[in-house]
There are 4 protein chains.
Amino acid sequence: MVLPRVQVKELRRTYGFEEVAIVPGDVTTNPELSVPSFEIGPYQFTIPIMASAMDAIVSPAFAGLMAKAGGIGVMNLEGVYGRYEDPQSAIEEVRAAPRETVTEVLQKVYTVPLQERLVQERVRDLKAAGGVVAVSVTPQNAKRLAPLAVEAGAQIIVVQSTVTTARHISNSYAGLSFSDLKAEVNVPVLIGNTVTASATLEIMEQGIDGIFVGVGPGAACTTRDVTGMGVPQVSATMECAAARDEFFARTGKYVQIITDGGIRTGGDVNKALAAGADAVMIGTPFAQTFEAPGQGFNWGMASPHPALPRGTRLNVGASASLEQVLFGPSRRTDGTHNLVGAIKVSMSMVGAQTIKEFHEKAELVSAPTIATEGKIFQRAGQI
Amino acid sequence: MVLPRVQVKELRRTYGFEEVAIVPGDVTTNPELSVPSFEIGPYQFTIPIMASAMDAIVSPAFAGLMAKAGGIGVMNLEGVYGRYEDPQSAIEEVRAAPRETVTEVLQKVYTVPLQERLVQERVRDLKAAGGVVAVSVTPQNAKRLAPLAVEAGAQIIVVQSTVTTARHISNSYAGLSFSDLKAEVNVPVLIGNTVTASATLEIMEQGIDGIFVGVGPGAACTTRDVTGMGVPQVSATMECAAARDEFFARTGKYVQIITDGGIRTGGDVNKALAAGADAVMIGTPFAQTFEAPGQGFNWGMASPHPALPRGTRLNVGASASLEQVLFGPSRRTDGTHNLVGAIKVSMSMVGAQTIKEFHEKAELVSAPTIATEGKIFQRAGQI
Amino acid sequence: MVLPRVQVKELRRTYGFEEVAIVPGDVTTNPELSVPSFEIGPYQFTIPIMASAMDAIVSPAFAGLMAKAGGIGVMNLEGVYGRYEDPQSAIEEVRAAPRETVTEVLQKVYTVPLQERLVQERVRDLKAAGGVVAVSVTPQNAKRLAPLAVEAGAQIIVVQSTVTTARHISNSYAGLSFSDLKAEVNVPVLIGNTVTASATLEIMEQGIDGIFVGVGPGAACTTRDVTGMGVPQVSATMECAAARDEFFARTGKYVQIITDGGIRTGGDVNKALAAGADAVMIGTPFAQTFEAPGQGFNWGMASPHPALPRGTRLNVGASASLEQVLFGPSRRTDGTHNLVGAIKVSMSMVGAQTIKEFHEKAELVSAPTIATEGKIFQRAGQI
Amino acid sequence: MVLPRVQVKELRRTYGFEEVAIVPGDVTTNPELSVPSFEIGPYQFTIPIMASAMDAIVSPAFAGLMAKAGGIGVMNLEGVYGRYEDPQSAIEEVRAAPRETVTEVLQKVYTVPLQERLVQERVRDLKAAGGVVAVSVTPQNAKRLAPLAVEAGAQIIVVQSTVTTARHISNSYAGLSFSDLKAEVNVPVLIGNTVTASATLEIMEQGIDGIFVGVGPGAACTTRDVTGMGVPQVSATMECAAARDEFFARTGKYVQIITDGGIRTGGDVNKALAAGADAVMIGTPFAQTFEAPGQGFNWGMASPHPALPRGTRLNVGASASLEQVLFGPSRRTDGTHNLVGAIKVSMSMVGAQTIKEFHEKAELVSAPTIATEGKIFQRAGQI
């Protein structure tokens, strides 16, 4: 029997942070000359770092500290802040839950309904704390909550879910038009998360101002285990940044690309920027600050999902001030402190004085830091 | 001396579950719209999940529960169910064996001869438990046992061995013609396992209804250590699914592809489906249910092999109900609970409302989740 | 400044046992039809397995047992057998050495000089034990010892060092001409080790009968750590086997390719054969037999090197009879028992009835069994 | 909507020591014929090994021992030797610091200012210890300190920082012209570190005599974690060596390439040389000698960085004499002793009698020694 030839397509190789490195350049500069600034619409930020919209990280007070530091903290309006008069008590309940039942406790805590009154009150709290007020909602609730938030003083609207596209099909709620939302709220709108050039282009066509890149890579999120979905962050960022560049060349509008998830060290931040990100959104390193409301604990917003929880509460430990994490002086050498210093040094090593120059001059190479046998047993001896 | 040039052929790269990820799509849907149904011949199933024909998993009672849940449990007629009046006592003997001698106990338990009377009695037990009756036999015994099983009420015949081909050469028994078997039993016949397009095509040419894909990947099976044989599941599924598509385009007959082995999480299930499977066959996650007859223990059907045992009895622990494993609510976040929910969410993230749409829309990328040094020592600190 | 373009050559990818798998075929056979025989010159062997010329493995008695089993044990004439009246006492001394000083003890034990009288006496011991007498010497001593050995009854001469080539440059001893040696001893001569097609071709041109493939992969050898030299076994075997095929097509002389080193399981044996080996040479699995003179300890012949010891004494543990390791019945499921059964099953899964058919029909694919994070922590919980 | 096609560039694959192996050649030689000599300007060295300019390694006494052994120890003029009357007391302070506060202690120890008088005194100490006097300075201080050092007797000037280029942009100090520096000091000048062909070419154009290759790979340095910068050593060396060859072909001037960082074993040394290095610079293996001033402790010169410390103090343990590390006799088999013996054996296995012949004859292949599951648990059982 002569069998027909069956062809199987090749799989495209994608890369995560631990698999790449940045090549030093032919010109170097002094780190003092590096200016890693970032802007969203009319707002300028001196550091390209956003704090994740997670309940254990961004309270109004924490957002105020982020603003003072030159960055942005995004508060999740649909977390405990929009559900509880005393959000910290809900956080304490999660913190106190025994490990065995924490998923149930998380699920229970988040069944308390959202209150529009609280949503607006929290926005006012943010405003009082100072800085540009940035809040996040899910696509399902964006049409209802975003205008309320803007009315109360929100200056940046983030619409975020695990995967968000410009074309969502649903029976239970009418699809969200990003361009309609943008027209209604009339403030910068950022959408996420996505990981492909095509989805990014479709979102950009609707006139939004920024895109969050990242599905499945975060420490407090197990989307990839649970669903198999995800693209490693370096490749996802490269692809979405290429879409941004194409869109900019074609339309003259520059849309911010923000890599969100899986970032632990200054090295990770720099790799995201080298891959084309304009800024990064960070969770765990901020959850580890003394100032975070979770006080050493953290959980993702998909963790309390009633049917399909992804991720859980992690005991990440509070071990440094926000100041140390962002600017040092560092007392640790694993790259988790002085993230801004690390950005400046990295920029200086390729001779870049702005993030845009960093995009142009930083070459990434495939350089896996795999666990070799030798290293495992060498270190095992030291532990 | 001028040496001749010697050419060595390149090795084709193959992929397992842990080396790929599914890329989110440009359109998303609400998970409620996802309908992951599956059919074998005239039978419809609401979930694309089969329970493995392993003694510690599919008893008649368990098969009834699988049917109620919308899937299929396949009972192995050549295991303890076809050999013992009281199969549970044989299972208890294996469960109770000390670790050092368990392989000997397994070998002994399976030397008790098959009884045709018991084979038929068990099929009637399955029928009594409800649902479509599916049973498995080996190629060696198929001609003898399959007609007996159908006579007693079996509705689907599975012919399964580690590697099964349409052309088997033997001195000790006449080769099995799948088309003859199919003509004789006149019910849907599924054959496995295979891992290549060519072997799949040859089997499909004989008129059978489904193919099991998977050699060597299962947790309770060490075929690959013992023999070196095997193809990682994602590549094997992609290849066999491509053969199915070619065969369908040429003949109009759609043969079901069922990925069997190595599946632990919802992410694994989704990757198998994204690679082209119509359904999956699962062992370990069901062995971990309270309802499984092995009550927390599991072993493969190659484990008791008298001369070349592959795999052994594993203590996998019973930790959830079948309901939780299939539909949640999940109390774990590692992807082992709520497999059907995970399928629906994954389908929704690529905008697929049926498994066939999922085949078309889900792109797999190479995205290794290798153990990096950092992760190993980071986690080691948490254990 | 316009810089010239500098080009760096690509590195060729090579594969070890743990990185490949064998694809099942389109035809299968019953394992009983598999005949994995092997021949060296006029001598026929029923199994394609040689025991390594290591002191802790092949004593005259062990060689006799290997012969009865259908294979070959090669005795090292330059080890303790050619140096001590009572070789077992020297072995005991190594066994008893404390871990901290074992390299020194090894170095000391092997400073006792070789005695030509003992060399011949040991060959006679081998003859008395039965089977085809095979002994090994180093290239430096081959001209002196090989004729003595043949005079005493040796039937196969193995000339082995870490890396052996047809063109060796030395000030301290005249280069060894393999063709002269072959002419003088007039018995089959096997040379090793090598890992490339070109070196293999040069050796074959000199009329020898077999080639050992393998530099640096053995468990008791750390050549690769110490020197950086080595080619993983699957690629090395593929290359040397391709050279054999080219040489056979050109000259009609079939030279045996024997993969030597790094083989632990039936899977490894099968991968070596699938890569083109006619037989394998095995150390550790035999050192683990009750019959091995090392009684659970093993060390390589480069371990006692006075200046640059490579490898050390390993406590591998004696846990099975030679019969079990070769033919089962297996009481273990990790692939270390019943190596011949594993060969037969693997041959049957690609429909091969001889090793040559296996060469033709077995396809290897790249299928890394890397340590993924999940697996490490899953198993860590079980330890 | 028709989306434009967005293209993402492929990432270049780079290799570290643990991912490559050296292929044995078609000609072998006796190790006694291997002459691994090295030269810098008018100075000849019998071994191609430099000791790293780290405070815990190269004191004047240690440099004298390196010279006697045939190599070179480079003293860092900007470490404790140029800051303290009694440098050993500063080293003791670092050694005695508790683990929790060691970064702070390091930062404090290095705030004591450099003294020009001490810089010159240390150079005279080096001269008194014998051998060619080699000292290192940073680019910032080179113009001031290098002439002072030469005046006091320094014969080789090393200008070293994490990343050094021929074009550095700074506000705080005027850029360093390597050609001006070279003209002024009129001794051999070596520059580092770099990892690319282009940066290497630019430095060579300025007339310097040697290049250090390596960013981010060292055991006592965490530059890659902290900043993401780095290229694995084998690829970096291949690229810089290719630049050297291009420059030599074009200008007739041969510039030495010295691989610096990440070298632990003889295998690593040989891989660096096979990749094209003329010599290696080594840290950890020398820090582990009884003669090193750190007495079992080591730290990098970026560890005390006030804002962005990279690396920390490591307890590497003093376990052998410098003699044993360089020439054996080895009592260890992990490749950390008898580095020169390992070089000679490796050269002999490819038939090379000089380092230049080794460059021509040694082929590197990609051969990852990744941690496989099996190996991890096999070894875990032995620990």
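A:Val365 sits opposite D:Arg12, a residue of S1(D). The strands involved are S17 of chain A (residues 363–366) and S1(D), which run parallel and are joined by two bridges. Here strands are DSSP E runs of at least two residues and helices are H or I runs of at least four, numbered from the N terminus; strands count as paired if DSSP finds at least two bridges between them.

This is a predicted model, where local features need pLDDT of at least 70 and side-chain atom pairs count only at pLDDT 80 or more, while totals for chains, interfaces and linings use all residues. Residues are numbered from 1 along each chain as its sequence is written, and chains are lettered from A and ligands numbered from 1 in the order in which they are written.

## The rest of the D–A contact

Chain D puts 52 residues into the contact and chain A 53, with contact meaning C-beta atoms, placed from the backbone, within 7 Å. On the chain D side, elements giving two or more residues include S1 (12–13), H3 (102–109) and H15 (373–382). H8(D) supplies the largest share, four residues.

By class, that side of chain D has 23 nonpolar, 18 polar and 11 charged residues. Nonpolar covers Ala, Val, Leu, Ile, Met, Phe, Trp, Tyr, Cys and Pro; charged covers Asp, Glu, Lys and Arg; the others, Gly among them, are polar.

## Chain A overall

Chain A has 15 helices and 17 strands. Its radius of gyration is 21 Å, which agrees with the value near 21 Å for a compact globule of 383 residues (taken over C-alpha atoms; the rule is 2.2 Å times the number of residues to the power 0.38). The C-alpha atoms of chain A fill a box of roughly 60 × 55 × 50 Å along the principal axes.

Among contacts in chain A between residues at least 6 apart in sequence, 66% link residues at least 24 apart.

S1(C) and S17 of chain D (residues 363–366) run parallel, joined by two bridges; C:Arg12 has D:Val365 as its bridge partner in S17(D).

Conventions
Two residues are in contact if their C-beta atoms, placed from the backbone, lie within 7 Å.
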